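Morning, everyone. I have one model to walk through today. Let me put it on the screen.

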Amino acid sequence: MSIFGPSRALRAVNFSRTSRCIHGMMLRRGLATGAGKSELKRTPLYDFHHENGAKMVPFAGYSMPLVYGDVGQVASHNHVRSSAGLFDVSHMVQSNFRGRTASEFMEWLSPSALKSLDPYHSTLSVLLNENGGIIDDTIITKHSNEAYYVVTNAGRRDRDLPWFQAKLEEWNLSERGKEGPVELEILEGWGLLALQGPEAASYLQTLTSFDLKRLTFGTSAFVPIEGFNLHVARGGYTGEDGFEISIPPSQTVDVAKLLSKSPVQLTGLGARDSLRLEAGMCLYGQDLNEDISPIEAGLAWVIPKERREAGGFIGAEGVKKVLKEGPSKRRVGLTIDGAPARQGAKIFAPSSGELIGTVTSGIPSPTLGKNIAMGYIKSGWHKKGTEVEVDVRSKLRKAVLTSMPFVPSKYWRG
């Protein structure tokens, strides 16, 4: 039977499989870091998670909550879509770049247009290697022309931080850097909490005198929350309205307790992964890597037209080459009949049997009740509505290329 019209029992079976498969995926990705269980790092909320019945798993070198108590992954997912959930994302790397030439440095380090960005506005960006491949995806927040707050992926810490240090040294020894050196501060041990869902704003508003309607998607401010003055950015990784809150180490547990009262539910990595895939968002290491260009990844929009033409950023020549010759592959969304496709599933042309792509992420969607996936497909096959076949458990399944996000985003834009 197709999952496009399943019985309630079949949906329950598929969603139970979703939870088990995401658990396995998290375990594999965590163990792939090479960290043994005794070597796993802990966020400031490690004890808090245990006190709240979290099932902990290794992820990106950290011990992180997968689910809490007897609340399953699908129930947590649905609660975020209908109410509000709180995620510990303190494993992410938070950094500050400061200096007289910080704007110039950041526009060399990334391809985004940051000088024109207003203070306390953010943008999704990428860090590129010399060939134009994606080292990491990142959120860059401009506080002023001389100060930037940057969040990067925990799983790329050992790649990103040496890259930052090397490029800072190169910049500060250059003629441009002599006009004012740039310094890097890594916010070690700081908390980062993501409050997500349609009731996130109304709940947070009860804890602050700051009018949160002033804080639109992609903007941030220092907000007083029950005596704490915290950096709050409106956005997130779920497609829902929400906030990401940066917290000094000594305050993280107290703030987590404040933010996790009813109707908010503590939410783990399992739901975070299914929510982000429904929102069409990439997971580094699955959907992005250093052999993929932002053009292939559908992230050309993070590079403004003027920067594509003028260059002046690391990896510019590689980006120009892909733009000139055209990308050989494209990131696409798919809906798939039958069993869900997982990472690594092959995509074939239905008429000739030609191998034309690979799935990078896939789940049964709790919100939509059908199988969704993300992957890369040969250029020319990437148009919406194109029918292809996906090898799932040694059986070819019909799939249709679908626009992303799969679930419409609900960001607060004022």
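Start at helix H4, where Ala 102, Ser 103, Phe 105, Met 106, Glu 107, Trp 108 and Leu 109 are buried. Buried means under 20% relative accessible area, exposed means over 50%, and partly exposed is in between, with a 1.4 Å probe and protein chains only. So H4 is mostly covered: seven of its eight residues are buried.

Some ground rules. This is a predicted model: local features need pLDDT of at least 70, side-chain atom pairs count only at pLDDT 80 or more, and totals for chains, interfaces and linings use all residues. Residues are numbered from 1 along each chain as its sequence is written, and side-chain values use heavy atoms, with hydrogens and water left out. Helices (H or I, at least four residues) and strands (E, at least two) are DSSP runs, numbered from the N terminus.

What does H4 pack with? Helix H4 (residues 102–109) packs with helix H5 (residues 157–172), at an angle of about 125° and with the axes 11 Å apart. Axes are lines fitted to C-alpha atoms, for helices over the stretch in contact, and angles run from 0 to 180 degrees between N-to-C directions. H4 and H5 are therefore oblique to each other. On cut-offs: under 35 degrees is roughly parallel, over 145 roughly antiparallel, 65 to 115 roughly perpendicular, and the rest oblique. The crossing of H4 and H5 is right-handed, that is, the near helix is turned clockwise from the far one by less than a right angle.

Who touches whom? H4 brings Glu 104, Phe 105, Trp 108 and Leu 109. H5 brings Trp 163, Phe 164, Lys 167, Leu 168, Glu 170 and Trp 171. Contact here means heavy atoms within 4.5 Å. By class, that contact has seven nonpolar, no polar and three charged residues. Ala, Val, Leu, Ile, Met, Phe, Trp, Tyr, Cys and Pro count as nonpolar, Asp, Glu, Lys and Arg as charged, and the others, Gly among them, as polar.

Next, the barrel. Six strands close it, in the order S15-S18-S17-S16-S19-S20, with antiparallel pairing. Two strands pair if DSSP finds at least two bridges between them. Neighbouring strands are turned by 40° against each other on average, direction ignored. Strand S16 (residues 346–348) runs antiparallel to strand S19 (residues 387–392), and two bridges join them. Across that pair, Ile 347 stands opposite Val 390 in S19.

Helix H9 (residues 269–278) packs on this sheet. H9 touches strand S17 (355–364) and strand S18 (371–378), and its direction makes about 130° with that of S17.

Look at Ser 361, in strand S17. Ser 361 is buried, at a relative accessible area of 2%. Beyond its neighbours within four places in sequence, Ser 361 is in contact with Arg 276, Leu 277, Gln 286, Asp 287, Ala 373 and Met 374.

H9 has a helix partner as well. The axes of helix H3 (residues 73–82) and H9 come within 8 Å and cross at roughly 55°. That makes H3 oblique to H9. H3 passes H9 in a right-handed crossing. The H3 side of the contact is Gln 73, Ser 76, His 77, Val 80 and Arg 81. The H9 side is Gly 270, Ala 271, Ser 274, Leu 275 and Glu 278. The classes here are three nonpolar, five polar and two charged.

Is strand S12 covered or exposed? Strand S12 (residues 228–234) is mostly covered, with six of its seven residues buried. Six bridges join strand S11 (residues 220–225) to S12, antiparallel. On the other pairing, four bridges join S12 to strand S13 (residues 242–247), also antiparallel. His 231 has Ser 246 in S13 as its bridge partner.

The hairpin of S11 and S12 has two residues between the strands, and Glu 226 takes a positive phi near 50° there. At 48% relative accessibility, Glu 226 counts as partly exposed.

**Backbone checks**

Tyr 120 also has a positive phi, near 65°. Tyr 120 sits in the loop between H4 and strand S6 (121–128).

Finally, cis peptides. One joins Ser 262 and Pro 263, with omega about 15°. Another joins Met 404 and Pro 405, with omega about 5°. Pro 405 is in the segment after strand S20 (395–402).
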